[in-house]
Amino acid sequence: MNRTPTTIAALVLALALSVFAVATIASCAGPRSKSVTLFPAAELAWPAVSEDFHRGVADGLEDGDLPQPAADELRSEAEALGRALDARDVDAVRAVPWPIMQPWVDRGIDDKLLDGEIGPGVAASLREQLAKFTSTIDDIQGIL
Amino acid sequence: MSTKDEFKALIEAAVAETGVKLKEAPAKLAAYMAERATHLSTISSEPGFDQAVRAERNNVALRAGIAAHDMASSVDYQFLGLIQGALRMVAVAEE
């Protein structure tokens, strides 16, 4: 079979297009499978993490460390995160300032411990939960 | 059979039964579960123990990276129920 330069160019183009198609499919599959894996557990842990967060914000308000508008803003971000996890919306999770919210979860755990509601070992479990949740949020925010 | 081996067998059986998909290998997840169950067994008399059991179940789920079923999230909860039950049982038995 004779292959003219035009035929060869067409073959090269077809090959390039198939490589591009495979690469595109692979790049789509990665984030999709990542979000499918990361969201359910984050969604599962959120009610418990959120409980500690709200406790911390309430304690900050009570002790005068957090002005009301800032507390309202934090609570609104928490609602946004809950909705984002529920909707499995990567962009909405990315828009949430988790590093600003995270210390209030820690504060909530501290407050429970100080009030004698939980013991130090239980606090350690809650802190492990916070660390794992934070790492999952980081992973979700890093999905391309 | 060690706790870790028992957890591994439980995870494998639960995966086979529920069809849940995990990103973590059963042996590694079992080692992490055993570590968390040991921690729970040292704190079962502390106030708020139930919060710790729930947190540890969440920790295992976050570590496992459970892949959601599109239509049957109850399957995931069935799997998590088994995990939570096993953690509590081992923690109280080792107390």
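Biologist: What share of the contacts in chain A between residues at least 6 apart in sequence join residues at least 24 apart?
Modeller: That share is 73%, where two residues are in contact if their C-beta atoms, placed from the backbone, lie within 7 Å. This is a predicted model, in which local features need pLDDT of at least 70 and side-chain atom pairs count only at pLDDT 80 or more, while totals for chains, interfaces and linings use all residues. Residues are numbered from 1 along each chain as its sequence is written, and chains are lettered from A and ligands numbered from 1 in the order in which they are written.

Biologist: Why is Asp111(A) called partly exposed?
Modeller: A residue is buried if 20 or more other C-beta atoms lie within 10 Å of its own, exposed if 12 or fewer, and partly exposed in between; Asp111(A) has 19 such atoms, so it is partly exposed.

Biologist: Where does Asp111(A) lie, and which residues does it touch, not counting those up to four places away in sequence?
Modeller: Asp111(A) is in helix H4 (residues 98–114) of chain A, helices being DSSP runs of H or I with at least four residues, and strands runs of E with at least two, numbered from the N terminus. With residues up to four places away left out, Asp111(A) touches Arg55(A), Gly56(A) and Asp59(A).

Biologist: How many helices and strands does chain A have?
Modeller: Chain A has five helices and zero strands, and its pattern along the sequence reads α-α-α-α-α.
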